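Please read them with the structure open beside you.

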Amino acid sequence: MNGEAEIEIDYKKKYKNLKRKLKFLVYEQECFQEQLRKAQRKLLKVSRDKSFLLDRLLQYEQVDDDSSDQQRAALNRRNFSTG
């Protein structure tokens, strides 16, 4: 009987130890999930900013291309009329 009591105590200690470890792991998982959510929000913001900036850059490049085309056409007209 004495041996049985010792075995039961060992299982109780193991159970309490595992329960404590589980609580810690659950807490750690929640922390990691919060960090992941923050990183995902930050990534979404950066992606939106990138898209916005690329759209803006494209608009300015189109304006520059249009003005360059107009300048070339004006030069061609001058060269054609003087030639």
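1. I begin with K45, which is exposed at a relative accessible area of 52%; here buried means under 20% relative accessible area, exposed over 50%, and partly exposed in between, with a 1.4 Å probe and protein chains only. K45 forms a salt bridge with D49, their closest N and O atoms being 3.2 Å apart, where a salt bridge is a side-chain nitrogen of Lys or Arg within 4 Å of a carboxyl oxygen of Asp or Glu. The two residues, K45 and D49, are four residues apart in helix α1 and so are separated by about one helical turn, and D49 counts as partly exposed at 36% relative accessibility.

2. Before going further, please keep in mind that this is a predicted model, in which local features need pLDDT of at least 70 and side-chain atom pairs count only at pLDDT 80 or more, whereas totals for chains, interfaces and linings use all residues. Residues are numbered from 1 along each chain as its sequence is written, and side-chain values use heavy atoms, with hydrogens and water left out.

3. On the overall fold, the protein has one helix and zero strands, both being DSSP runs numbered from the N terminus (helices are H or I, at least four residues; strands are E, at least two). Of its 83 residues, 0% count as buried. The accessible surface comes to about 8,500 Å², and carbon and sulfur atoms account for 58% of that surface; the areas come from the Shrake-Rupley method with a 1.4 Å probe, and for residues only the protein chains shown count as cover.

4. How many salt bridges does a search of the whole structure find? The search finds three, and besides the K45 and D49 pair there is a network of salt bridges that links E34, R37 and R41. Partly exposed residues here are E34, with a relative accessible area of 31%, R37, at 39%, and R41, at 49%.

5. A patch of negative charge on the surface gathers E61, D64, D65 and D66. Patches are made of residues with over 30% relative accessible area and no salt bridge, like charges being joined within 9 Å and nonpolar side chains (Val, Leu, Ile, Met, Phe, Trp, Tyr) within 5 Å. D66 lies in helix α1, which covers residues 2-82, and D66 is partly exposed, with a relative accessible area of 46%.

6. Finally, F24, L25 and Y27 make a nonpolar surface patch of about 360 Å², and F24 is likewise found in helix α1.

Conventions. Lys and Arg count as positive and Asp and Glu as negative; His and the chain ends are not counted. The place of a charge is taken as NZ of Lys, CZ of Arg, CG of Asp or CD of Glu.
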